[in-house]
Amino acid sequence: MSSAPPVPPASRRLDELRAPDIERLISERSIFVQPLGAIEQHGPHLPFNTDLLIAERVATAAVERIGADLDVWLLPPLAYTKSNEHAWSSGTIWLSADTLLRVLDDIGRCVAQTPARRLVFMNGHGGNSALVGVANRELRLHHGLMTFLAHPGVPPDQGGVSAADEHGMGIHGGTDETSIMLHLAPELVDMDAATRNVPDGLIDNRYVRFGGSVGFGWLSNDFGDAGHIGDPTTATAERGAELVEAAVVAFCEALGEIAEFNLPM
Ligand SMILES: [Zn+2]
């Protein structure tokens, strides 16, 4: 009497696999994608879960599109991350930098216990980027993983672009992020509450500006009580749909390179 063949997994979500699937399906060439969100104020017009929703949707769409070809597996999103630039805002729930570094190290330790060797963070919250860069090196050193940091779009304060009217400063709840939310979850957006809040006083600075060669520490209420930084009033769902599709395409292409990536030694 032969036993029935194993039931194939219904999805490429790690949390939906069964224990024997790890040995059966996960190999050295498998890629794990960990979405990083945030639960933080996004001004009066966007919900607390903006970054979480964007990271999760882009990661999910990319894994659905190329996961089977490239052996990519989706981890459950991490909702709470390092949002202390919004610590003043009631309803923001944040981890300290030290805590998040520990959490990322713990996740990496568990990933390293599987045969997979590639861990990709799809990070929806720009405030995490510097710390994830540090974590990626720690994870390489401590657990021997190959680690990667991707974003749905390069944040404007890290070299990405934002709408012309925002002068490179649409970094939080501005045109692009609001457009994406109008596309993904319009029922969570209150466009009647959207106002332009761009720090125009920084426009003429050559060095000390968002994305400039001289960085500066900031909190979101340094730019007013509204909490967002950018111009959501020109956001459209059509622009959001284009940005999301571009983000998914770019992430699929990046995963193709990650699958082939090797460190020479
Ligand atoms: Zn955001």
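**Zinc site and helix packing in the predicted model**

In this predicted model, the zinc ion has as its protein donors His42 (NE2), Asp51 (OD) and Glu177 (OE), which lie 1.9 to 2.0 Å from the ion. Donors here are N, O and S atoms within 2.8 Å of the metal (3.2 Å for Na, K and Ca), and since water is not among the atoms, sites may look incomplete. Along the chain, the donors of the zinc ion follow the spacing H-x8-D-x125-E. Residues are numbered from 1 along each chain as its sequence is written, and side-chain values use heavy atoms, with hydrogens and water left out. Local features need pLDDT of at least 70, side-chain atom pairs count only at pLDDT 80 or more, and totals for chains, interfaces and linings use all residues.

Both His42 and Asp51 are buried, a term for under 20% relative accessible area, with exposed meaning over 50% and partly exposed in between (1.4 Å probe, protein chains only). Thr50, which is placed in helix α2 (residues 50-70), is likewise buried, with a relative accessible area of 0%. Leaving aside residues up to four places away in sequence, Thr50 touches His42, Glu177 and Met181, where contact means heavy atoms within 4.5 Å.

Elsewhere, helix α3 (residues 97-113) packs against helix α4 (residues 129-143) at an angle of about 40°, and their axes are 9 Å apart. This angle makes α3 oblique to α4, because angles under 35 degrees count as roughly parallel, over 145 as roughly antiparallel, 65 to 115 as roughly perpendicular and the rest as oblique. Helices (H or I, at least four residues) are DSSP runs, numbered from the N terminus, and axes are lines fitted to C-alpha atoms, for helices over the stretch in contact, with angles running from 0 to 180 degrees between N-to-C directions.

Technical notes. Helices (H or I, at least four residues) and strands (E, at least two) are DSSP runs, numbered from the N terminus.
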